[in-house]
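Hi everyone, thanks for coming. Let's have the structure up on the screen, and then I'll walk you through a few places in it.

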Amino acid sequence: MKRFLSAFMIATACLSAYAADDDTEKNDSTGGFVFTDIKLVKTTPVKDQNKSGTCWCFAGTSFYEDEIMRKGGKELDLSEMFTVRNCYLDKADRYVRMDGATNFSAGGSVLDVPYVWKRYGVVPESAYAGLEYGEDKHVHGELDAVLKAYLDAVRKNPNKRISTAWRKGFEAILDAYLGAVPETFTVDGVEYTPATYAKSLGLDTNDYVAVTSFAHHPYYEPFVLEVADNWLWGEYYNVPVEEMKAIVDSAIDKGYSVVWAADVSEGGFNWAKGYAVMPKPTDAADLEGTELARWVKLSDKERASKQFEIDGPCDEIVVTQESRQDMFDRHETTDDHGMEIVGIATDQNGNRYYKVKNSWDTNQVYDGFFYVSEPYFRAKTIDIYVNKDALPKDTKKKLGL
């Protein structure tokens with residue numbers, strides 16, 4: 001997942017923590033929706049991945065920050081770039097060993113976050129911001145291009161055998177852009193290493209599970225999800241789509257947030273206006289008189305765009321397991337972006353939505369949050385990541401957890 005916004009949509013610094021819990025709050029939107037928050041989970045402030053393909057890390061790190069608070073810990077600001085740097089290194093090793101026949105990019109999956117926490121530890125943002133290249137915000141275009149070009153030069157093996165120096169050179173590039181990783185740092189007067197700091201946070205990465213819903217694998221068994229950014233070849237438990245939705249509902253009801261990976265390239269996804277819906281296509285049979293006359297004169301492209309002229313709650317498509325699978329198989333649903341579900345809401349017509357925390361800054365109608373309809377969730381979810389204790393009992397039993 002590596003979705004990021006163009007520069008004009010990314011500007012101001014983060015606001016204060018979004019810390020409401022169980023409050024009902026009405027939000028007036030320029031898009032014609034009036035959302036009422038029904039159930040909210042306490043979460044840390046919205047951050048800004050800016051022009052970097054690291055949404056997976058922002059979502060996973062935010063989730064773990066929220067888990068620390070849920071368990072009674074302090075609000076923390078943990079470093080995303082420490083995790084990103086370690087993933088770059090291990091991706092590079094795999095890319096060279098496999099002669100380039102695996103993915104190397106800025107993208108990743110939420111499973112990369114526990115992978116790094118378990119092997120390399122955690123550091124606070126204050127100890128490792130990853131901004132050593134003359135920018136105030138993350139801008140990774142040059143970094144990503146340089147890293148990939150370097151690795152491609154190595155894997156071509158011009159010396160007929162790979163040198164013992166290539167990894168030191170790769171690390172030097174990361175040091176130049178992101179900074180060298182501190183061996184020790186101090187938090188609240190206590191000195192830590194990344195490993196001891198991770199241990200101090202009180203989270204066990206084994207307490208969490210990744211879940212998806214696709215019909216080309218057996219249900220209630222794990223499988224390696226076939227998306228390019230799953231470079232770890234991590235396993236996801238497979239459940240029917242309604243059961244995946246029930247996991248999210250159960251989690252929010254119990255006070256747990258959920259990491260959400262999804263396709264955000266749909267016409268019904270409107271970040272500026274704060275909603276994501278799956279509207280039904282306009283049917284000429286439903287049109288009359290001059291309205292029909294105008295419709296038949298439109299081009300196919302114009303007709304398609306009309307579907308997404310949304311000015312409030314609308315009729316949405318019915319999403320089945322079969323239609324969801326078809327969208328995934330035909331690459332109409334792609335692994336675009338990682339976010340965090342932090343609440344449940346309704347619109348003025350009583351339709352239910354998930355409130356989602358994004359990592360695209362706060363200069364937006366809902367200060368960095370938006371609302372996702374249930375049909376959009378059913379159709380466009382790639383996977384979720386959640387505490388095992390948040391699962392409904394029957395699902396947990398079926399998965400053997």
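**A helix, some rings and a few loops**

Let's begin with helix α7, whose buried residues are Val241, Glu243, Met244, Lys245, Ile247, Val248, Asp249, Ser250, Ala251 and Ile252. Please keep in mind that we are looking at a predicted model. That list covers 10 of the 14 residues of α7, so the rest of the structure largely encloses this helix.

Now to the aromatic rings. The count of aromatic pairs comes to 33. One of them is Tyr64 with Tyr385: the ring centres are 6.3 Å apart and the planes stand at 75°, and since an angle over 60 degrees counts as edge-to-face, that is what this pair is. Where do the two partners, Tyr64 and Tyr385, lie? Tyr64 is in helix α1 (residues 55–70) and Tyr385 is in strand β14 (residues 381–387), so the pair ties together parts that are 321 residues apart in sequence. Tyr64 is buried, at a relative accessible area of 1%, and Tyr385 is buried too, at 2%. Elsewhere, Phe33, Phe35, Tyr275, Tyr353, Tyr366 and Tyr371 make up one aromatic cluster.

Lys355 lies over the face of Phe369, 5.4 Å from the ring centre. Over the ring of Trp233 sits the charged end of Arg94, at 4.4 Å from the centre.

Let's stay with Trp233 for a moment. You'll find Trp233 in the loop between β6 (222–224) and β7 (235–238). Is Trp233 buried or partly exposed? Its relative accessible area is 45%, which makes it partly exposed. Together with Met98 and Val224, Trp233 forms a nonpolar patch on the surface, with about 260 Å² of accessible area in total.

For His331, phi is near 60°; its loop runs between α10 (321–329) and β11 (337–346), and His331 is exposed, at 63%.

That's my tour, and I'm happy to go back to any of these spots.

Key. Residues numbered from 1 in each chain as written. Predicted model: local features only at pLDDT ≥ 70, side-chain atom pairs only at ≥ 80, totals over all residues. Heavy atoms only, no water. Phe/Tyr/Trp six-rings, centres within 6.5 Å; stacked < 30°, edge-to-face > 60°. Helix = DSSP H or I, 4+ residues; strand = E, 2+ residues; numbered from the N terminus. Buried < 20%, exposed > 50% of the residue type's maximum accessible area, 1.4 Å probe, protein only. Lys NZ or Arg CZ within 6 Å of the ring centre and 35° of its normal. Patch = residues over 30% accessible without salt bridge, like charges linked within 9 Å, V, L, I, M, F, W, Y side chains within 5 Å. Areas by Shrake-Rupley, 256 points an atom, 1.4 Å probe, with all protein chains shown as cover. Salt bridge = Lys/Arg side-chain N within 4 Å of Asp/Glu carboxyl O.
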